[in-house]
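Q: Hi! I'm new to this one, could you walk me through it?

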Amino acid sequence: MLVVEHFVAPSVVHGLGVFSKHFVPKGALVWRVHPVIDREIHRAELDDLPPHVVQNIQTHAEYLPSRDVFRLGADGGYFMNHSDDPNLIDAGESMFA
């Protein structure tokens, strides 16, 4: 769940991306896992889904290999782009600027 106010807009990375509405200082909490917002989908569940849905999940979800699940956000986190030069620090169950 994104804990900062945000919006979705065009992005040069993947077409659409999520952006903060306000300045986020270094070290600030930006995202944390919330079971109401962040759905976990076991990889085996993908077998029963149409290929276009599987592709969508693989594109927009975070894969957690230790649990063999995809974590898919139901908020702007769905549009978080994956970058080789990220501006967030991934601490597992949370992310910081």
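A: One term before we start: two strands count as paired if DSSP finds at least two bridges between them. Also keep in mind that this is a predicted model.

Q: Got it. So which strands make up the open sheet, and in what order?
A: The open sheet has three strands in the order β4-β6-β5, and their pairing is antiparallel.

Q: Which ones are the edge strands?
A: Those are β4 (38-42) and β5 (62-64), each of which pairs on one side only.

Q: And what's the twist like?
A: From one strand to the next, the twist averages 30°.

Q: How many bridges link β5 and β6?
A: Three bridges, with the two strands running in the antiparallel sense. For instance, E62 has R71 in β6 as its bridge partner.

Q: What packs on the sheet?
A: That's α1, which touches β4, β5 and β6. The direction of α1 makes about 80° with that of β6.

Q: Switching topic: which residues make up the largest nonpolar core?
A: There are eight: I41, L46, V54, I57, A61, F70, L72 and Y78. Both α1 (51-60) and β6 (69-73) supply at least two residues of this core.

Q: What is L46 in contact with, leaving aside neighbours within four places in sequence?
A: L46 is in contact with I41, V54, I57, Q58 and F70.

Conventions:
Residues are numbered from 1 along each chain as its sequence is written. This is a predicted model: local features need pLDDT of at least 70, side-chain atom pairs count only at pLDDT 80 or more; totals for chains, interfaces and linings use all residues. Side-chain values use heavy atoms; hydrogens and water are left out. A nonpolar core is a set of buried Ala, Val, Leu, Ile, Met, Phe, Trp, Tyr and Cys residues joined through side-chain atoms within 4.5 Å. Buried means under 20% relative accessible area, exposed over 50%, partly exposed in between (1.4 Å probe, protein chains only). Helices (H or I, at least four residues) and strands (E, at least two) are DSSP runs, numbered from the N terminus. Contact means heavy atoms within 4.5 Å. Axes are lines fitted to C-alpha atoms, for helices over the stretch in contact, and angles run from 0 to 180 degrees between N-to-C directions.
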